[in-house]
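Here is a brief report on selected features of one structure. Have the sequence and the model open while reading.

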Amino acid sequence: MARAAVRGRLSWVLGEVVELIDETSRVRTIVLDVPDWPGHRAGQHVDVRLTAEDGYQAQRSYSIASAPEDERLSLTVEGIPDGEVSSYLVGELRVGDMLELRGPVGGYFVWDVQMGGPLLLIGGGSGVVPLMSMLRHHQASAAMLGARLLYSSRSWDDVIYRDELERVTSSTNGPEVVHTLTRSQPPGWTGYTRRVDSQMLAETAWPASSMPSAFICGPTPFVESVAAALVILGYPPASVKTERFGPTGG
Amino acid sequence: MDSDAMRVDGNAVSGILGEVFFQEMTAARIACGGCGKVEAVGAEHVYTQAPGIVMRCCHCDSVLLVVAHTEQTYRIGLGKARWLELAEER
């Protein structure tokens with residue numbers, strides 16, 4: 001067992017916060033320098049552990065936002081009111097602080113360019129984070145595969161990575177990004193204004209005949225309704241990978 | 001909040017499953033003895049609000065596994081999981 005423990009057991013390591021990016025009023029990207037980071041696959045997470053002065057510990061799992069090709073590891077965290085970990089990460093953490101983390105973890109909700117595509121990414125709210133890692137990986141590998149992101153947000157101000165998404169969609173061979181804004185829209189908005197439904201998927205998803213790889217991430221009801229709708233559109237269930245947030249425990 | 005909204009999936013517990021099984025577990029396959037369906041661990045339904053974590057079949061809702069971690073031990077409750085298939089050492 002000793003050998004197995006050495007091989008498989010992930011240990012906690014320290015990363016230094018080198019940059020903090022406010023993505024929206026509630027969402028922040030934490031850029032970390034982690035010595036000897038073993039690398040990750042797009043879609044994986046890390047566990048983050050906070051320890052209070054009295055020894056009390058709390059840990060949560062957060063999706064990695066950076067691409068495997070990126071030099072630094074970045075996590076994007078949504079602050080949950082009263083969330084004991086996320087409110088610290090979004091509100092208190094400063095550049096130069098050390099953060100304890102373990103990972104990468106996860107081998108199911110992952111996409112490598114070798115897995116092929118086209119790629120269909122459907123995100124609700126901060127569910128876009130692991131999908132962004134996949135999009136960045138797609139861009140970095142200059143894959144000749146199509147990639148589409150259907151991204152549901154409450155309002156234009158709640159769109160995470162908004163500027164980067166605008167930029168990459170205008171680049172050659174860039175992904176296609178379709179937004180839906182479910183609560184409020186800026187003046188002149190001509191895009192979707194409702195929750196993702198089967199009609200919207202029929203209009204935006206790759207046809208099942210092109211054998212897409214689909215990844216859905218968001219709150220549990222969002223993920224389950226979108227996954228069911230894709231299967232009705234003819235996507236084989238095994239081609240639809242899901243990751244549910246559930247009630248964000250903070 | 002109702003139980004549907006409390007649900008996450010196997011991805012959310014990849015860290016603790018790694019502690020128990022010493023390897024990445026979300027891509028491991030698990031067979032349900034309730035309905036016979038085989039899925040990736042990452043796709044199964046998981047409830048983390050109980051003391052410990054409860055994994056249920058995403059097709060028939062049978063309890064597959066329960067993992068409880070105390071200061072000294074991990075207890076794996078064996079539910080209706082018929083088998084679990086892990087990748088060989090790479």
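## Aromatic pairs in chain A

A:Phe109 and A:Phe215 are both buried. This is a predicted model. The two rings form an edge-to-face pair, because their planes stand at 90°, with the centres 5.4 Å apart. A:Phe109 sits in the loop between β6 and β7 (119-124) of chain A, and A:Phe215 in strand β10 (residues 213-218) of chain A, so the pair ties together parts that are 106 residues apart in sequence.

Over all chains, the structure holds two aromatic pairs. A:Trp156 and A:Trp189 also form one: their ring centres are 5.6 Å apart and their planes meet at 50°, so this pair is tilted. A:Trp156 comes from the loop between β8 (147-153) and α4 (162-169) of chain A. A:Trp189 comes from the loop between β9 (176-181) and α5 (198-204) of chain A. The pair therefore ties together parts 33 residues apart in sequence. A:Trp156 is partly exposed, at 22% relative accessible area. A:Trp189 is partly exposed too, at 23%.

## Charges over rings

Two arginines of chain A lie over tryptophan rings. A:Arg49 lies over the face of A:Trp12, at 4.2 Å from the ring centre. The charged end of A:Arg148 sits over the ring of A:Trp206, 3.6 Å from its centre.

## A helix enclosed by both chains

In chain B, helix α1 (residues 14-21) has seven of its eight residues buried, so the rest of the structure largely encloses it. Among the buried residues are B:Ile16, B:Leu17 and B:Val20. B:Glu19 is buried as well.

What do the buried residues of α1(B) pack against? From chain A, the partners are β3 (45-51) and β6 (98-105). From chain B, they are β5 (53-56), β6 (63-69) and β7 (74-78). Just after α1(B), B:Phe22 takes a positive phi of about 60°.

## The sheet of chain B

Chain B has an open antiparallel sheet of three strands, in the order β3-β2-β8. β3 (38-40) and β8 (81-85) stand at the edges with a single partner strand each, so one side of each has no neighbour in the sheet. Neighbouring strands are turned by 25° against each other on average, direction ignored. Strand β2 (residues 29-32) pairs with β8(B) over four bridges. B:Arg29 stands opposite B:Glu85 in β8(B).

B:Ile30 lies in β2 of chain B. Its relative accessibility is 0%, so B:Ile30 counts as buried. B:Ile30 touches residues including B:Val38, B:Met55, B:Leu64 and B:Trp83.

How values were computed:
Residues are numbered from 1 along each chain as its sequence is written. Chains are lettered from A and ligands numbered from 1 in the order in which they are written. This is a predicted model: local features need pLDDT of at least 70, side-chain atom pairs count only at pLDDT 80 or more; totals for chains, interfaces and linings use all residues. Side-chain values use heavy atoms; hydrogens and water are left out. Two strands pair if DSSP finds at least two bridges between them. Helices (H or I, at least four residues) and strands (E, at least two) are DSSP runs, numbered from the N terminus. Axes are lines fitted to C-alpha atoms, for helices over the stretch in contact, and angles run from 0 to 180 degrees between N-to-C directions. Buried means under 20% relative accessible area, exposed over 50%, partly exposed in between (1.4 Å probe, protein chains only). Contact means heavy atoms within 4.5 Å. Rings of Phe, Tyr and Trp (its six-membered ring) pair if their centres lie within 6.5 Å; planes under 30 degrees apart count as stacked, over 60 as edge-to-face and the rest as tilted. A charge sits over a ring if NZ of Lys or CZ of Arg is within 6 Å of the ring centre and within 35 degrees of the ring normal. Lists of a residue's contacts leave out its neighbours within four places in sequence.
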